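Hello,

Here is the structure for your next look. My notes follow below it.

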Amino acid sequence: MKYKRILLKLSGEALMGAQQYGIDAERLMQYAKEIKTATETGTQIAVVIGGGNIFRGVQAEAFGLDRVQGDYMGMLATVINSMALQSALEKLDVNTRLLSGVTIQRVCEPYIRRRALRHLEKGRVVIFGAGIGSPYFTTDSAASLRAIEMDADVVLKGTRVDGIYTADPEKDPTATRYPQITFDEVMEKNLNVMDMTAFTLCKENNLPIIVFDMNKTGNLQRLIDGETVGTLVTMNGTQPEADEATQESNLQSTIETTTSTEQA
Ligand code: UDP
């Protein structure tokens, strides 16, 4: 296990599957299974889900609505997605807690940092609903902020693309993927990883980001095991240090390999 605690960001759009709107049951269950498998390694998992499959604040103006009202509608959309994921995880016997940035006391706990940390320590999957609870933000910003507050090792941004490319791979067939990149390069090259607020939060707090394809079965697990999947964004473009337990077990296997080579 490379990461002791991760924050997984899933977009609302990803939950639509092939649909035009709402939640695709199969996709939801697929994500729940991926998360369940990842919990079995002992990694602590927090999740932030977007709401773009239901409503985004920017759509409000097109509807003739107030932007702030639209943002709250978007936040409530994320709570709906979070409730769906919570239920799917519970079907698989995974212990979960849903904490919301907007108080909705009949369906979820209010977000309290210390409580969230306690849930994680107890091995519960913590889902953060309603973003950060304020308009004019996105769930990417919520993912960065909650990851920092939870002292997570990394933000894993699950998308339908398998990393960060030199150009949009869905439009430009010559685009190539970066295995690793620095925060500064992302900014210089104006690459689209997260919105600027979310990205800056990670950069200023030295929180690595990995952009990866969440729809590929086993990818989440591979990442947690320390395999190179997707694109890693760090301060200096290199892998963050493994946690102490992983370093210990790596050291142990190096000693074993050396000893057996010497004996042979
Ligand atoms: N939102 C907000 N504050 C937050 C998080 C979300 O106002 O802290 C609103 C915003 O209108 C956003 C919508 O909720 O458009 C849904 O979230 P987002 O667009 O990030 O979802 P995604 O694109 O990941 O599906």
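**What was found**

The protein has 8 helices and 11 strands. Both are DSSP runs numbered from the N terminus: helices are H or I with at least four residues, strands are E with at least two. This is a predicted model: local features need pLDDT of at least 70, side-chain atom pairs count only at pLDDT 80 or more, and totals for chains, interfaces and linings use all residues. Residues are numbered from 1 along each chain as its sequence is written.

**Overall form**

The C-alpha trace spans about 75 × 45 × 35 Å along its principal axes.

Of the 264 residues, 42% count as buried. Buried means 20 or more other C-beta atoms within 10 Å of the residue's own; exposed means 12 or fewer, partly exposed in between, with C-beta atoms placed from the backbone.

**Strand S3**

Which strand pairs with S3 over 5 bridges? That is S5, residues 125–129, in the parallel sense. Strands pair if DSSP finds at least two bridges between them. Arg97 stands opposite Val126 in S5.

S3 also runs parallel to S4, residues 109–110, joined by 2 bridges. There, Leu99 has Glu109 as its bridge partner.

Best regards
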